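Q: I would like to go through this model with you, side chains before anything else. Could we begin with the charged ones?

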Amino acid sequence: MMDWDNCPGVESVPGKLGGAWVFTKTRVPVSAFFGNLAAGATTEEFLDWFEGVEEWQVKAVLEYVVESLDSKVKLENPV
């Protein structure tokens with residue numbers, strides 16, 4: 001499981017959407033971003049549809065996921 005505490009641009013606040021990870025200063029769950037991508041939406045469409053989410057936040061989430069996956073591969077397959 002990923003530790004989203006280290007991802008800039010997102011927050012989990014008790015009492016705000018049940019503590020779900022949301023884009024900072026919004027009520028938009030990070031899961032909504034990935035759900036929309038899976039359904040075929042582009043990042044540009046997502047940003048248009050969800051007011052308050054900023055492009056830098058989406059990029060930070062994507063970069064964090066890539067870094068997390070890369071670090072897992074490095075841990076499992078040391079060179």
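A: This is a predicted model. In it, K59 is partly exposed, because its relative accessibility is 45%, between the limits of 20% and 50%.

Q: Which residue forms a salt bridge with K59?
A: The partner is E55, and the closest N and O atoms are 3.4 Å apart.

Q: Is E55 buried or partly exposed?
A: E55 is partly exposed, with a relative accessible area of 49%.

Q: Where do K59 and E55 lie?
A: Both are in helix α3, four residues apart, which is about one turn of the helix.

Q: How many salt bridges does the structure hold?
A: There are two. In the other pair, the side chains of E11 and K16 meet, with an N to O distance of 2.9 Å.

Q: Does K16 count as buried or exposed?
A: K16 counts as buried, because its relative accessibility of 17% is under 20%.

Q: Changing topic: how many residues are in the largest nonpolar core?
A: That core has 14 residues. W4, V10, F23, F46 and V61 have the most contacts inside it.

Q: Which helix gives the most to this core?
A: Helix α3 does, with four residues. Both α1 (30-38) and α3 (55-76) supply at least two residues each.

Q: And what is W4 in contact with, leaving aside its neighbours within four places in sequence?
A: W4 is in contact with V10, W21, V30, F34, V61, Y64 and V65.

Methods: Residues numbered from 1 in each chain as written. Predicted model: local features only at pLDDT ≥ 70, side-chain atom pairs only at ≥ 80, totals over all residues. Heavy atoms only, no water. Core = buried A, V, L, I, M, F, W, Y, C linked by side-chain atoms within 4.5 Å. Buried < 20%, exposed > 50% of the residue type's maximum accessible area, 1.4 Å probe, protein only. Contact = heavy atoms within 4.5 Å. Salt bridge = Lys/Arg side-chain N within 4 Å of Asp/Glu carboxyl O.
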